[in-house]
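Please look over the sequence and the model shown below before turning to the notes.

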Amino acid sequence: MTTRDGLPVTTLARTVVDCALTMHPLESLAVADAALRAGHGLRDAPGILAAAPARKGRARARWVLEHAETGVDSVWETWLRYVCLRAGLPRPITQAPVVTRIGEVHCDLGWPEWDVLAEFDGRVKYRDGVLRDDHDGTTELLREKARYEAIREAGYDPVRVMATRGREVSQLVARIAARFPADVRLGFRVNPLLPPPP
């Protein structure tokens, strides 16, 4: 326990563990990613989980703590990483660096060993005033187009994805998986610990 504005509250690490034990693993992974992105370490979280009373969900909670990442910029990037990991793809790096003619840029997910990149492409950033009052959607669209062209010119072709549901998620993962060598794809198996995204 700690205090915030004079009120007793659980620590962030404890809150992340509680979420990991009670929520869908995708949702709790988003919470854990956000905590790390905000600069809050979770080094106490494994001990808190180990000390928690025995209950259903401990294996999933452990998975969430082991797979939380600091380099995730949005919940949708967490979603993309989750669906890939659930499908048995190797663990990607977040914010994968790519050296281009416009400088170093980053793709949401990368598997450098196989030169595979993936980008979540949402609609929100292309709307005026959504991210901040002076945000111009057209400028963002043109910036993204120039960035993508520079990545392509550097010899990469990121798989671009949008949010999907149901069978479309499997099709999305198949598009990314197809970029891996055949012998690597043979090892891809759905993780039975992880349910489909809600």
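Is Cys-19 buried or exposed? Cys-19 is buried, as its relative accessible area is 15%, and the cut-off for a buried residue is under 20%. The model is a predicted one. The notes below begin with the chain as a whole and then turn to its strands, its cysteines, a pocket and some individual residues.

**The chain as a whole**

- The chain contains 8 helices and 6 strands.
- In sequence order, these elements follow the pattern β-β-α-α-α-α-α-β-β-β-α-β-α-α.
- Along the principal axes, the C-alpha atoms fill a box of roughly 55 × 45 × 30 Å.
- The chain has 198 residues, of which 41% are buried.
- When contacts between residues at least 6 apart in sequence are considered, 57% of them join residues at least 24 apart.

- Strand β3 spans residues 93–100 and strand β4 spans residues 103–111; the two pair in the antiparallel sense over 7 bridges.
- Between β3 and β4 there are 2 residues, and the two strands form a hairpin.
- Within this pairing, Val-99 stands opposite Glu-104 of β4.
- Strand β4 also pairs with strand β5 (residues 116–120), again in the antiparallel sense, over 3 bridges.
- One of the links between them joins Leu-109 to its bridge partner Ala-118 in β5.
- β4 and β5 likewise form a hairpin, here with 4 residues between them, and Asp-115 belongs to the turn.

**Gly-110 in strand β4**

- Gly-110 has its place in strand β4.
- With a relative accessible area of 1%, Gly-110 is buried.
- Beyond the residues up to four places away in sequence, Gly-110 touches Pro-92, Ile-93, Ala-96, Val-116 and Leu-117.
- Gly-110 and Pro-158 are 48 residues apart along the chain, and 8.8 Å separates their C-alpha atoms.

**Cysteines**

- The structure holds 0 disulfides.
- Cys-84 is buried, with a relative accessible area of 0%.

**The second largest pocket**

- How much space lies in the second largest pocket? Its volume is about 350 Å³.
- The lining of this second largest pocket consists of 21 residues, and those closest to its centre are Trp-79, Val-83, Thr-164, Val-169 and Pro-197.
- Three helices, α2 (25–37), α5 (75–86) and α7 (167–177), each supply at least two residues of the lining of the second largest pocket.
- Helix α5 gives the most to that lining, namely 5 residues.
- By type, the lining residues of the second largest pocket divide into 14 nonpolar, 3 polar and 4 charged.

**Thr-2 in strand β1**

- Thr-2 is found in strand β1, which covers residues 2–4.
- Thr-2 is partly exposed, its relative accessible area being 37%.
- Leaving aside neighbours within four places in sequence, Thr-2 is in contact with Leu-7, Pro-8, Val-9, Thr-10 and Thr-11.
- The C-alpha atoms of Thr-2 and Leu-12 are separated by 9.2 Å, and these residues are 10 apart along the chain.

- Most residues other than glycine have a negative phi.
- Asp-5 has a phi near 55°, a positive value in a residue other than glycine.
- Asp-5 lies in the loop between β1 and β2 (7–9).
- With 78% relative accessibility, Asp-5 counts as exposed.
- Asp-115 also has a positive phi, near 55°, and is likewise a residue other than glycine.
- The place of Asp-115 is in the loop between β4 and β5.
- Asp-115 is exposed, because its relative accessible area is 54% and the cut-off for an exposed residue is over 50%.

Terms used:
Residues are numbered from 1 along each chain as its sequence is written. This is a predicted model: local features need pLDDT of at least 70, side-chain atom pairs count only at pLDDT 80 or more; totals for chains, interfaces and linings use all residues. Side-chain values use heavy atoms; hydrogens and water are left out. Two strands pair if DSSP finds at least two bridges between them. On a 1 Å grid over the protein atoms alone, a cavity is a set of points where a 1.4 Å probe fits but cannot get out, and a pocket is an open set with protein on both sides within 12 Å along at least five of seven lines; lining residues have an atom within 4 Å of a point. Grid points are joined across faces, edges and corners, and a volume is the space filled by probe spheres set on the points. Ala, Val, Leu, Ile, Met, Phe, Trp, Tyr, Cys and Pro count as nonpolar, Asp, Glu, Lys and Arg as charged, and the others, Gly among them, as polar. Buried means under 20% relative accessible area, exposed over 50%, partly exposed in between (1.4 Å probe, protein chains only). Contact means heavy atoms within 4.5 Å. A disulfide is a pair of cysteine sulfur atoms within 2.5 Å.
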